[in-house]
Amino acid sequence: MKKITIDANTYVYPNPVTLVGTQVEGKANFMALGWISRVNAKPPLVGIGVNRVLHTAKGIRETKTFSVNYPSADMVEAADYCGIVSGKKVDKSDLFEIFYGHLKTAPMIKECPLCMECKLIDTVELPTNYFFIGEIVMSYTEEKYLTDGKPDIKKMNPLLLTMPDNSYWTVGEYAGKAWSIGKALKK
Ligand SMILES: Cc1cc2nc3c(=O)[nH]c(=O)nc-3n(C[C@H](O)[C@H](O)[C@H](O)COP(=O)(O)O)c2cc1C
């Protein structure tokens, strides 16, 4: 098994495609975002990497809030559109049906199976990006996306992103129970 080297700028495989909702100068805006990670459990924190020049960065810095919405695969066109046009030039507020939760400046998308509203708790300044860390204040879904009371990835049918081939994917096959299947190797 001979290893070969490729570009150091390798992707974290795969990332979900999310739509980050913000309010900028009083208007809702949504951007496509793949660079997201859960970074703490208690309290529940998510981190998102957002280029400093984007309209979304302005909104988060202004309101100290944002939302994370998971589009389903049938929303691929609208999700991609949110990643190729900027709210600086194009009004993206009428693309989706919008609702608000506890935070009045974190617009969420009714069509998305899962939405989280987040309160900004920290900002890490990176060379070209801000890494915004937000606490999930509340999550929203619908009964039809749950199995045994938990979000079911097959029912939600989220979009996944790979780079540098810049491709969208859907979720594949179930591979085993986490924190469990490895017990078979315990001695
Ligand atoms: C699938 C996809 C994923 C993206 N992920 C990110 C990301 O994680 N961080 C980022 O800064 N830009 C990302 N972008 C680019 C922004 O979505 C894009 O620049 C967008 O126009 C910004 O909108 P805004 O200026 O209204 O905030 C992504 C674009 C696409 C198509």
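**View 1. The ligand takes up the second largest pocket.** On a 1 Å grid over the protein atoms alone, a pocket is an open set of points with protein on both sides within 12 Å along at least five of seven lines, while a cavity is a set where a 1.4 Å probe fits but cannot get out. A molecule sits in one of these if more than half of its atoms lie within 2 Å of the grid points. Keep in mind that this is a predicted model, where local features need pLDDT of at least 70, side-chain atom pairs count only at pLDDT 80 or more, and totals for chains, interfaces and linings use all residues. Residues are numbered from 1 along each chain as its sequence is written, and side-chain values use heavy atoms, with hydrogens and water left out.

**View 2. A shell of 21 residues surrounds the ligand.** The closest are Ala32, Asn51, Thr56, Ser86 and Gly87. By type, the shell splits into ten nonpolar, nine polar and two charged residues; here Ala, Val, Leu, Ile, Met, Phe, Trp, Tyr, Cys and Pro go down as nonpolar, Asp, Glu, Lys and Arg as charged, and the others, Gly among them, as polar. Helices (H or I, at least four residues) and strands (E, at least two) are DSSP runs, numbered from the N terminus.

View 3. A polar contact here is a pair of N or O atoms within 3.5 Å. At Gly49, a backbone N or O lies 2.9 Å from a ligand nitrogen. Overall, the protein covers 85% of the 650 Å² of accessible area (Shrake-Rupley, 1.4 Å probe) that the ligand has on its own.

**View 4. Lys42 and Pro43 are joined by a cis peptide bond.** Omega is near 5° for this bond. Pro43 sits in the loop between β4 (36–40) and β5.

**View 5. Another cis bond links Met163 to Pro164.** Its omega is about 10°. You'll find Pro164 in the loop between β13 (160–162) and β14 (167–169).

**View 6. Asp148 has a positive phi although it is not a glycine.** The angle is about 55°. Asp148 lies in the loop between β11 (146–147) and β12 (150–151).

Notes:
Near = heavy atom within 4 Å. Polar contact = N/O pair within 3.5 Å; in protein donor to acceptor, adjacent residues only side chain to side chain. 1 Å grid on protein atoms, 1.4 Å probe; cavity = no way out; pocket = protein on both sides within 12 Å on 5 of 7 lines; lining within 4 Å.
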